[in-house]
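Q: I have a chain open here and have not looked at one like this before. Can you walk me through what is in it?
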Amino acid sequence: MQISQKSKEIIDSCRFCWMCRHICPIGNATGQERNNARARALSLSLVERGFTMTEDIIDNVYECALCGACTKECVTGWDPVKFTKEVRLDIASSGKLPDYIEKMIYNIEKTGNAYGETKINSKLLNEIESLPKTADTLLFLGKDAICKSPESAISAIKLLKKAKVSFTVLADEPDSGYAMDTLIGAAEETRQIMLDTAEKLVYNTIIVYDPADAKVFLREYKEWNIALKAKIKTFTTFVAELIKNGKLKPKKSKTVYTFQDPALLARDLEETAPARVIISACGELSEMLMNGKDTMWAGNLLMNEYMPKVMELVSSERWNNAINASADVLVTASPSEYEILLKAKPENMKLMRLEDVVLSALEEK
Ligand code: SF4
Ligand code: SF4
């Protein structure tokens, strides 16, 4: 395989180690050993030693959520996400991508999103058209919210309007490159999407709604020297500031919330505090097992395209943690996790987006 020496070392270190098996959200959901970092490394170590890269091994490479829980857990500092992404690039370069991944890449190239959506939700379009056409600040919604979770996008817009923020949203918003980076890693196609997007985003500040897009703007763009002129702020950081400086004044209730930290925020961007500032201003916070940097990933929309049953199982596992936190409401800060958690929501629990928590606390005033 055309992968770095470092990735080969990680594969050889992980292949006989089971120390992080208990922490993998996919392995825990399926109960299958093949989904742990160790099993993936073992089969890839065989490929390195001359075995054929079979379709089954390729499928297994795409069963990883890239959530980084194993990396966080590894006391010896190995990073299975690194080799998994590099192997995805190698699979793409050697023309062996499975059909379900090819289809999403085709969609990105043809429609600008992995889902092949060509139309924007009419209610969301009305919200966008109600905003000024130009402003110094852009709210970047991201493809998951626009294509698969328009109600999330609408709530985000409504909250910034309530705070009287002067901002705009692009109806023809470019793609951050997150999906392509996830599907085939650091390919030239991924870099080109990011370069085109960086050129289009000429603003003073960009508030990034989806942690997935924030992660690539703040990490991959920097790593690949793709300059974004704007100051990038996560939506959660921005809203926490609005509360701190009195632009939003939610009324604190006795509702008990528990928070699903998105792995992309908590681990990749090391951001855990702002969401807690927001929730604590609106009600009581009860932490569930595995929170903050130790969070357990609760699914995503990209994998839902080819592993929908597993996504439901993953979210079901996470609901068990929420129930044990004795909270009334599970709160999300990722449109992707919101949609997947909705699939397995228990009848007696409530699921809310962070922005809806604030909007409802404003209404109580
Ligand atoms: S990431 Fe660390 S703990 Fe997990 S299998 Fe590899 S070496 Fe073991
Ligand atoms: S990155 Fe996440 S899904 Fe992939 S092996 Fe590690 S813990 Fe499992």
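A: To start with contacts in this predicted model: among those in the chain with a separation of 6 or more, 77% are between residues 24 or more positions apart.

Q: OK, and what does the secondary structure come to?
A: The chain has 20 helices and seven strands.

Q: How compact is the chain for its length, and why do you say so?
A: The chain is as compact as a globular protein of that length, because its radius of gyration is 20 Å, close to the 21 Å that the globule rule gives for 365 residues.

Q: And what does the C-alpha trace span along its principal axes?
A: About 65 × 45 × 30 Å.

Q: What share of the residues is buried?
A: Of the 365 residues, 59% count as buried. The accessible surface comes to about 15900 Å², and carbon and sulfur atoms hold 49% of that surface.

Q: Switching to strands. What is the order in the open sheet of four?
A: The order is E5-E4-E6-E7, and the pairing is parallel.

Q: Which ones are the edge strands?
A: Strand E5 (284–285) and strand E7 (350–353), each of which pairs on one side only.

Q: How many bridges join E4 to E5?
A: Two bridges join strand E4, residues 256–260, to E5. Tyr257 stands opposite Leu285 in E5.

Technical notes
Residues are numbered from 1 along each chain as its sequence is written. Chains are lettered from A and ligands numbered from 1 in the order in which they are written. This is a predicted model: local features need pLDDT of at least 70, side-chain atom pairs count only at pLDDT 80 or more; totals for chains, interfaces and linings use all residues. Side-chain values use heavy atoms; hydrogens and water are left out. The radius of gyration is taken over C-alpha atoms; the globule rule is 2.2 Å times the number of residues to the power 0.38. Buried means under 20% relative accessible area, exposed over 50%, partly exposed in between (1.4 Å probe, protein chains only). Contact means heavy atoms within 4.5 Å. Accessible areas come from the Shrake-Rupley method with a 1.4 Å probe; for residues, only the protein chains shown count as cover. Two strands pair if DSSP finds at least two bridges between them.
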